Amino acid sequence: YQRRVRGPSLNDEEWIKVEVSLKDLILADYGKKNNVNVASLTQSEVRDIILGMEISAPSQQRQQIAEIEKQTKEQSQLTATTTKTTNIHGDEIIVTTTSNYERQTFSSKTEWRVRAISATNLHLRTNHIYVSSDDIKETGYTYILPKNILKRFITISDLRTQISGYLYGVSPADNPQVKEIRCVVLVPQWGTHQNVHLPSMLPNHDYLKEMEPLGWIHTQPNELPQLAPQDVTMHAKIMGENMSWDGEKTIIITCSFTPGSCSLTAYKLTPT
């Protein structure tokens, strides 16, 4: 006994309506599962979803972009702002803006003009130098940093980008507990506002043969309550790779740019 099964008899227009309904049903189910606004999907994503491909949900950022684009299309009444400026040649420039982002003024924390003017006035800060005297032990070494070397180091520096140099000096014959810093060696380096990167090899020159390494000095844009972790890592790395660095004699000097002055703080790493 055979039974003939007949399918639904629909014309073309009815099939189109069924197809649209199925598409809306599939998209609504996908949007409900993935918490996605169906209107924010692209045509290629809609096609992939209907064909059953596994695609990831669109990001929140693209949804926000779609909403912003939708809002801009709906804004029919815009407020136009006309500004008139004059360039360096004396020509008048008239600009009409309608959106908010066109009226925003660009401002940067690292404005090169401000930094250039401030860098030319760094020599004035050398008249007001403060030395931190917290937690100083009388049993340790005493370091003498000549002001002419310090002044030169400050005047060639930058308010935000850190610069660094290795310290070399000698001890007087009658007092080995005193270390006189004779020079600051500036090696090839590149720095940011957070740290400075130095080469792995220490400087080697005839001028340094009669001196001993006493550590390193670097600038920083603001004063910190303690030694920065990256400075501790850098100092420990140099000591570990170079036997000439004595942990009891080599120090870290930070030169912080405080308002209208400079603050010096020296640190020494202690063994754990």
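Start with the largest cavity, which has a volume of about 40 Å³. A cavity is a set of points on a 1 Å grid over the protein atoms alone where a 1.4 Å probe fits but cannot get out. Grid points are joined across faces, edges and corners, and the volume is the space filled by probe spheres set on the points. The structure holds one cavity of 30 Å³ or more.

This is a predicted model: local features need pLDDT of at least 70, side-chain atom pairs count only at pLDDT 80 or more, and totals for chains, interfaces and linings use all residues. Residues are numbered from 1 along each chain as its sequence is written, and side-chain values use heavy atoms, with hydrogens and water left out.

Select Q220, E223, L224, Q226, L227, A228, T254, S256, T265 and Y267 to show the lining of the largest cavity; lining residues have an atom within 4 Å of a point. Four of these are nonpolar, five polar and one charged. Here Ala, Val, Leu, Ile, Met, Phe, Trp, Tyr, Cys and Pro count as nonpolar, Asp, Glu, Lys and Arg as charged, and the others, Gly among them, as polar.

Next, select strands β10 (251-258) and β11 (261-267). Each supplies at least two residues of the lining of the largest cavity, and each also supplies at least two to the lining of the largest pocket. Strands (E, at least two residues) and helices (H or I, at least four) are DSSP runs, numbered from the N terminus.

Which residues are closest to the centre of the largest pocket? Select D135, I136, Y141, A266 and Y267. A pocket is an open set of points with protein on both sides within 12 Å along at least five of seven lines. About 1,200 Å³ of space lies in the largest pocket, and β11 gives the most to its lining, with four residues.

Now go to H235 in helix α7 (residues 229-241). H235 counts as buried because its relative accessibility is 0%; buried means under 20% relative accessible area, exposed over 50%, partly exposed in between (1.4 Å probe, protein chains only). Leaving aside neighbours within four places in sequence, H235 is in contact (heavy atoms within 4.5 Å) with W216, W245, T250, I251, I252 and L269.

Finish at helix α2 (residues 43-50), where E45, V46, D48 and I49 are buried. They cover an arc of only 165 degrees around the axis, so they lie on the same side of α2; the arc is that of the directions from the helix axis to the C-beta atoms. Just after α2, select G52, which takes a positive phi of about 90 degrees.
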